[in-house]
Amino acid sequence: MNKVVLILSTAALALCAAQVAKADASYTDPAGDSRTAPDITAVTAANDAAGNLTFTVRTNQAALAADAIVDIAFDTDQNPQTGGNGVEYFFLIASDGWEFVKWDGSKFVAANAASANGSYANG
């Protein structure tokens with residue numbers, strides 16, 4: 001099974017996401033509902049005592065296609081009226097790397113996330 005592993009431990013994100021990820025959690029999604037996009041079948045969110053957040057996203061694709069993106073959206077204030085459609089941060093994984101972005105009031109821009117890391121790998 002393929003997976004995206006995202007390790008996020010920036011102070012800002014740890015403080016905000018800790019509100020959402022107070023305990024480890026796992027979610028499943030039915031297979032076969034994504035057409036040609038990466039079909040996400042499971043997501044696990046975990047945090048440790050140091051405040052590091054780890055998200056594992058399982059998909060049906062051994063390698064991401066050049067035009068495919070897997071993203072995790074963060075509604076850190078839990079207010080659908082703020083951010084871009086309610087989202088304050090996105091962590092994006094593509095075939096050529098990853099990006100962490102934040103809403104600046106009018107668009108998403110690169111976020112300072114020196115300790116963030118992400119990868120997409122088979123298994």
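The exercises below work through a predicted model of one protein chain.

**Exercise 1.** Describe the order of helix and strands along the protein chain, and state which share of its residues counts as buried.

*Solution.* Begin with the inventory, which for the protein chain comprises one helix and nine strands. Next, follow the chain from its N terminus, where the elements run β-α-β-β-β-β-β-β-β-β. Finally, turn to burial: the protein chain has 123 residues, of which 35% count as buried, and the chain exposes about 7,100 Å², with carbon and sulfur atoms supplying 52% of that area.

**Exercise 2.** Work out which strands stand at the edges of the open sheet, and why one side of each is left without a neighbour.

*Solution.* First write down the order of the four strands, which is S5-S6-S7-S8, with antiparallel pairing. Then look at the two ends of that order: S5 and strand S8 (108–110) each have a single partner strand, and therefore one side of each has no neighbour in the sheet. As for the geometry, neighbouring strands of this sheet are turned by 30° against each other on average, when direction is ignored.

**Exercise 3.** Decide whether Phe-91 is buried or exposed, and explain why its aromatic pair with Trp-98 counts as stacked.

*Solution.* Start with burial, for which the cut-off is under 20% relative accessible area: Phe-91 has a value of 0%, so Phe-91 is buried, whereas Trp-98, with 33%, is partly exposed. Then consider the rings, whose centres in the pair of Phe-91 and Trp-98 lie 5.1 Å apart, with 10° between the planes. Because planes under 30 degrees apart count as stacked, this pair is stacked. To complete the picture, a search of the whole structure finds six aromatic pairs, and Tyr-89, Phe-91, Trp-98 and Phe-100 form one aromatic cluster.

Note on methods. Residues numbered from 1 in each chain as written. Predicted model: local features only at pLDDT ≥ 70, side-chain atom pairs only at ≥ 80, totals over all residues. Heavy atoms only, no water. Buried < 20%, exposed > 50% of the residue type's maximum accessible area, 1.4 Å probe, protein only. Areas by Shrake-Rupley, 256 points an atom, 1.4 Å probe, with all protein chains shown as cover. Pairing = 2+ DSSP bridges. Axes fitted to C-alpha atoms, helices over the stretch in contact; angles between N-to-C directions. Phe/Tyr/Trp six-rings, centres within 6.5 Å; stacked < 30°, edge-to-face > 60°.
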